[in-house]
Amino acid sequence: MKVLLIGDSCEDVYVYGDVNRLNPEAPVPILEPKREERTNGMAWNVYNNLLSFGIDCQMLTNDEKIVKTRFIDQRSNQQILRYDEGSRVDPLNDDELSDEQFDALVISDYDKGFLTTEKIFELSSRFVGPVFIDSKKTNLPEDAYIKINELEHERMSYCNYDNLIITRGGKGAEYRGELYPAEKVNVFDVVGAGDTFLAALTYGYLKHGRIDKAIPIANKAAAVAVSHTGTYVLTGEDVDEILH
């Protein structure tokens, strides 16, 4: 399986510490940092999880650095602040596109500027094969499989897309009026779960050729992601458990 992935990427930074008191200057907690973790996020998280499923993936992403720093109370795992650096990037250069053949196109668009609406329509119309899109935009190609969450679905309520896959948190994912139930797990962190879902959905479709077979695989993968803290990449053991 060969996949072309195009989208915005960032570095996720997690600062874990202890909260023992409130700031006397304002009703906010004071965090005493204890440790820091850095991982690749957004489209990079999709990329790494596609690799976990054994997919040969080529990725096109921004050169500019975006950093999302999350400050977390390690005892409660409660995120108390997120600080973002580098909010906009340069658009995709057509010179980066190759004539290589791929089995699927995956677009992971966080609306940071790497992909315009026009470019997404152009890429989708030119690609021969299934297209999977996860985007913050509301105007998207109707012939692609579009993965959105409940909040994004509310913003797109006026649209009549036939291939919407709506993730509904602990309830599961909905497609064409049918709810595919989620796995029951203890949720520790939802960061990156949508990226994991998108990667597993792509794998499941390429494996079985049917979206109704792919969604349960994606649900299982997302359940594994939310049961870990931070931006989690599936392991080989995780994938074996998901597929069996």
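This is a predicted model: local features need pLDDT of at least 70, side-chain atom pairs count only at pLDDT 80 or more; totals for chains, interfaces and linings use all residues.
Residues are numbered from 1 along each chain as its sequence is written, and side-chain values use heavy atoms, with hydrogens and water left out.

Helix α6 covers residues 236-243, and its angle with α5 is about 140 degrees, with the axes 9 Å apart (axes are lines fitted to C-alpha atoms, for helices over the stretch in contact, and angles run from 0 to 180 degrees between N-to-C directions). Because of that angle, α5 is oblique to α6 (under 35 degrees is roughly parallel, over 145 roughly antiparallel, 65 to 115 roughly perpendicular, and the rest oblique).

Which residues make the contact? From α5 I list Ile217, Lys220, Ala221 and Val224, and from α6 Asp238, Ile242 and Leu243 (contact means heavy atoms within 4.5 Å). Sorted by class, they give 5 nonpolar, no polar and 2 charged residues (Ala, Val, Leu, Ile, Met, Phe, Trp, Tyr, Cys and Pro are nonpolar; Asp, Glu, Lys and Arg are charged; the others, Gly among them, are polar).

**Helices α4 and α5**

Next I stepped back to α4, which packs with α5 (residues 211-226) at an angle of about 150 degrees, the axes being 7 Å apart. This crossing is right-handed. On the α4 side I found, among them, Phe197, Leu201 and Tyr205, and on the α5 side, among them, Ile211, Ile215 and Ala218. The contact of α4 with α5 has 14 nonpolar, 4 polar and 1 charged residues.

**Helices α1 and α4**

At what angle do α1 and α4 pack? I find about 40 degrees for α1 (residues 43-52) against α4, with the axes 8 Å apart. That makes α1 oblique to α4. Their crossing is right-handed. Asn45, Val46, Asn49 and Leu50 of α1 meet Asp195, Thr196, Leu198, Ala199 and Thr202 of α4. By class I get 4 nonpolar, 4 polar and 1 charged residues for the contact of α1 with α4.

**The sheet of 8 strands**

I then turned to an open sheet of 8 strands with mixed pairing, in the order β4-β1-β7-β8-β9-β10-β11-β12 (two strands pair if DSSP finds at least two bridges between them). Which strands stand at the edges? They are β4 (56-60) and β12 (178-181), each pairing on one side only. From one strand to the next, the twist averages 20 degrees.

Inside this sheet I looked at β7 (residues 104-109) and β8 (residues 131-135): they run parallel and are joined by 5 bridges. Asp109 has Ser135 of β8 opposite. Helix α2 (residues 117-126) packs on the sheet and touches β1 (2-7), β7 and β8, its direction making about 170 degrees with that of β7. Helix α4 (residues 193-208) also packs on the sheet; I count among its contacts β9 (145-149), β10 (164-167) and β11 (172-175). The direction of α4 makes about 170 degrees with that of β7.

**The sheet of 4 strands**

An open sheet of 4 strands runs in the order β3-β2-β5-β6, with mixed pairing. β3 (29-42) and β6 (78-85) are at its edges with a single partner strand each, so one side of each has no neighbour in the sheet. Neighbouring strands here are turned by 20 degrees against each other on average, direction ignored.

I also checked β5 (residues 67-73): it is antiparallel to β6, and 7 bridges join the two. Lys68 has Asp84 of β6 as its bridge partner. Helix α1 lies across β2 (9-22) and β3, at about 60 degrees to β3.

**The whole protein**

Last, the overall count: I get 6 helices and 12 strands (DSSP runs numbered from the N terminus, helices H or I of at least four residues and strands E of at least two). The C-alpha atoms fill a box of roughly 60 × 40 × 40 Å along the principal axes. The radius of gyration is 18 Å, which agrees with the value near 18 Å for a compact globule of 244 residues (taken over C-alpha atoms; the globule rule is 2.2 Å times the number of residues to the power 0.38).

How values were computed
A crossing is left-handed if the near helix is turned anticlockwise from the far one by less than a right angle, and right-handed if clockwise.
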